[in-house]
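Open the model in your viewer and keep the selection panel at hand. We will go from one selection to the next.

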There are 2 protein chains.
Amino acid sequence: MSPLIRQPLTVELALLGFLREGALHGYEIPRRLSDPAGLGEVWRLKQSHLYALLARLAEEGYLTSTLKAQETRPQRRQYRLTRVGRSTFTEWVQAPVARGRDVRLDFLTKFFFAEREGPQVAERLTTRQRAVCQDWLRQQQRQAEAARATRPFEWKVCQYRIGQIESMLTWLDLCEEAVPAAP
Amino acid sequence: MSPLIRQPLTVELALLGFLREGALHGYEIPRRLSDPAGLGEVWRLKQSHLYALLARLAEEGYLTSTLKAQETRPQRRQYRLTRVGRSTFTEWVQAPVARGRDVRLDFLTKFFFAEREGPQVAERLTTRQRAVCQDWLRQQQRQAEAARATRPFEWKVCQYRIGQIESMLTWLDLCEEAVPAAP
DNA sequence: GATGTATACTCATTGATTGAGTATTGGCAG
DNA sequence: CTGCCAATACTCAATCAATGAGTATACATC
């Protein structure tokens, strides 16, 4: 239970999402994870990697693990969210992604769980992410303007990013329409 | 000079691009790399990491290193492309990026060097990349269609990707316009 | 009774990445 | 003229993500 120094604890936090609805054992998670109707399209995670992540999440106090014997099968390790784990997850799932390169994986994952948490959560996430995207957009547009005449490569990089951000914004609109409006 | 088994030798190959125009020492590369008019906006590379990559490229036969004494300063290591290094780079720089997640870094890097190699190279790269993107697009559209009614999350993921790919295609058009037409 | 498969993990190793350290020289402020 | 800082040019040890391979048991089935 060190004071949680590890800054970037990004995607592994998402694993906590699978434990929201109750205790789980390690073997069950890849089953849910690989469902193509869910995150199976977005994530790939090797079994050994998963166990390593779970162990570290336990070490850092986000969840507890207890061994449960079964009559027939080999014993399994039950993972359960701690209070810290629960609140950290709730915070994580509503916080927008801060860097463009993380959208691909992180945002889609957040959105997946946010929808499961309820329409308010999903809407808050998309609203906040839209604000962040609009900041990015403004910043890239400024930079593109500055580079336009003198630095053609930098200008093209900016144009690329601007296109990606704009299409992300369009997509966010689509997502918000799809979420049933919060009361 | 092992038979180059390492499959993914991705971005580090780009380092060879800096050696195309002549021998270099390790310290010079981060200077060129961090130029914001060039790849400085796209890449971040720590010094120690850079040296590690150079060492491995040398180990794998893409370049040779020799120590050069200087009158005053400490001696430096001169890196020079081998024939294998030269041809590997030429191939790499013209090959389209195969996975969407690599576009952000890899494609922009390729394009940077391709422009330096000449308009034919840049045009070949963009043409091929466009073909790959169109494949992705078709595949995602098929998948979106299949997921539409029954798997809403999967459908959204597809829509996200479709948007990104479409905006990439628009950007590729922009790039080709900017490249002076090959004779 | 042999073979395969689902359950449920563990472990050793690789390999990317980083922070910190080292050594030398030139310039310049005091 | 000396003390200190910045620039040059790397090296090294440690960390940590990620993977492949291995282990052990039970149930099914042929």
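Predicted model: local features only at pLDDT ≥ 70, side-chain atom pairs only at ≥ 80, totals over all residues.

Residues are numbered from 1 along each chain as its sequence is written, chains are lettered from A and ligands numbered from 1 in the order in which they are written, and side-chain values use heavy atoms, with hydrogens and water left out.

**The interface.** Select chain A and chain B together. In contact (heavy atoms within 4.5 Å) are 32 residues of chain A and 32 residues of chain B. The two chains bury about 2,900 Å² between them. Carbon and sulfur atoms give 63% of that area. Buried area is the accessible area (1.4 Å probe) that two parts lose on being put together, summed over both.

Four salt bridges cross this interface. The rule asks for a side-chain nitrogen of Lys or Arg within 4 Å of a carboxyl oxygen of Asp or Glu. Now pick B:Arg161 and A:Glu41: their side chains form a salt bridge, 3.6 Å from N to O.

Next, show the largest pocket, with a volume of about 1,800 Å³. Its lining has 49 residues; closest to the centre are A:Arg101, A:Arg104, B:Gly100, B:Arg101 and B:Arg104. A pocket is an open set of points on a 1 Å grid over the protein atoms alone, with protein on both sides within 12 Å along at least five of seven lines; lining residues have an atom within 4 Å of a point. Volume is the space filled by probe spheres set on the points, which are joined across faces, edges and corners.

Select A:Glu117 and A:Arg20, whose closest N and O atoms are 2.8 Å apart. A:Glu117 sits in helix H5, while A:Arg20 is in the loop between helix H1 (12-19) and strand S1 (24-25), 97 residues apart. Helices (H or I, at least four residues) and strands (E, at least two) are DSSP runs, numbered from the N terminus.

**The cavity.** Finish in chain B. Where is the largest cavity lined? Select B:Gly17, B:Arg20, B:Glu21, B:Phe113, B:Arg116 and B:Glu117. Its volume is about 30 Å³. In a cavity, a 1.4 Å probe fits but cannot get out. Helix H5 (residues 103-117) of chain B gives the most to this lining, three residues.
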